[in-house]
Amino acid sequence: MIFPKGNKLNSVLYFKCPRCHQGAFLAHPIYDLKHFVSVRPKCDKCGLKYRLEPSFYTGSMYVAYALGVGIMGLVALMMILFVHPFSFLLTFFTIVGVLVILSPFLNALSKIIWANFFFHFDPNFSPLENTP
Ligand SMILES: [Zn+2]
């Protein structure tokens, strides 16, 4: 692993539990569209409940929006630099296509980033803590 345990990027890029960096965060593979990006109720390694309150991941929309705008800007820049003659319509539909294809990934990424705002790495986690 490039990012050691304790680094938030370890949790974010590998979709691992924000507290122990071992347990899985998502219940299904990202592009399993039948179960669109569902987060597990709790970590199977340390027992951390992934939801602090009902509708906890609604706030991840703000993160998804920021990621979407960033990708939109990146695609627009690529189109301006590499497509000659520049076409506004082609750029628009390329951005829409890229965002549609990436939407499950961006949704999952925004949720794990959102979770990492609230939960922090704890190497001495107790498996019994935070369990009902
Ligand atoms: Zn955990």
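**Figure 1. The cover over the buried part of helix H3.** Helix H1 (8-14) and H2 are among the elements that cover the buried residues of H3 in this predicted model. Those buried residues of H3 are Leu106, Ala108, Leu109, Ser110, Lys111, Ile112, Trp114 and Ala115, a list that takes in the lysine Lys111 and the serine Ser110 as well as leucines, alanines, an isoleucine and a tryptophan. An α-helix has 3.6 residues a turn, so residues three or four places apart point the same way.

**Figure 2. The protein chain as a whole, as the setting for the close-up views.** The secondary structure of the protein chain amounts to three helices and zero strands, and the order along the sequence is α-α-α. The C-alpha trace spans about 60 × 30 × 20 Å along its principal axes, and of the 132 residues in the protein chain 19% count as buried. When contacts with a separation of 6 or more are considered, 56% of them in the protein chain come from residues 24 or more positions apart.

**Figure 3. The packing of helix H2 against helix H3.** Helix H2, which comprises residues 60-82, packs with helix H3, residues 88-118, at an angle of about 145 degrees, and the axes of the two helices lie 8 Å apart. The crossing in which H2 passes H3 is right-handed. Sorted by class, the residues in this contact of H2 with H3 are 16 nonpolar, six polar and one charged.

**Figure 4. The bend in helix H3.** At Ser103, helix H3 bends by about 60 degrees, and a proline, Pro104, follows within four residues.

**Figure 5. The largest nonpolar core.** This core holds 17 residues, and the members that touch the most other members are Cys17 and Leu48. Helix H3 gives the most to this core, contributing six residues. In soluble globular proteins, nonpolar side chains tend to be buried together. Leu48 is also one end of a separation across the model, in that its C-alpha atom and that of Leu67, 19 residues apart along the chain, are separated by 26 Å.

Figure 6. Most residues other than glycine have a negative phi, and most peptide bonds are trans. Phe15, although not a glycine, has a positive phi of about 50 degrees, and His21, likewise not a glycine, has a positive phi of about 60 degrees. Phe15 is found in the loop between H1 and H2, and His21 is found in the loop between H1 and H2 as well. Phe15 is partly exposed because 17 other C-beta atoms lie within 10 Å, whereas His21 is buried because 24 other C-beta atoms lie within 10 Å.

Figure 7. The peptide bond that runs from His84 to Pro85 is cis, with an omega near 0 degrees. Pro85 has its place in the loop between H2 and H3.

Figure 8. Ile80 belongs to helix H2 and counts as exposed because it has 11 C-beta neighbours inside 10 Å. Leu77, which also lies in helix H2, counts as exposed because it has 10 C-beta neighbours inside 10 Å. Cys46, by contrast, has its place in the loop between H1 and H2 and counts as buried because it has 21 C-beta neighbours inside 10 Å. The C-alpha atom of Ile80 is separated by 39 Å from that of Ser55, a residue 25 residues apart from Ile80 along the chain. Leu77 and Tyr50, 27 residues apart in sequence, are 36 Å apart in space, C-alpha to C-alpha. For Cys46 and Met78, 32 residues apart along the chain, the C-alpha atoms are separated by 43 Å.

Notes: Residues are numbered from 1 along each chain as its sequence is written. This is a predicted model: local features need pLDDT of at least 70, side-chain atom pairs count only at pLDDT 80 or more; totals for chains, interfaces and linings use all residues. Axes are lines fitted to C-alpha atoms, for helices over the stretch in contact, and angles run from 0 to 180 degrees between N-to-C directions. A crossing is left-handed if the near helix is turned anticlockwise from the far one by less than a right angle, and right-handed if clockwise. Ala, Val, Leu, Ile, Met, Phe, Trp, Tyr, Cys and Pro count as nonpolar, Asp, Glu, Lys and Arg as charged, and the others, Gly among them, as polar. The bend at a residue is the angle between axes fitted to the seven residues ending there and the seven starting there. A residue is buried if 20 or more other C-beta atoms lie within 10 Å of its own, exposed if 12 or fewer, and partly exposed in between; C-beta atoms are placed from the backbone. Two residues are in contact if their C-beta atoms, placed from the backbone, lie within 7 Å. A nonpolar core is a set of buried Ala, Val, Leu, Ile, Met, Phe, Trp, Tyr and Cys residues joined through C-beta atoms within 7 Å.
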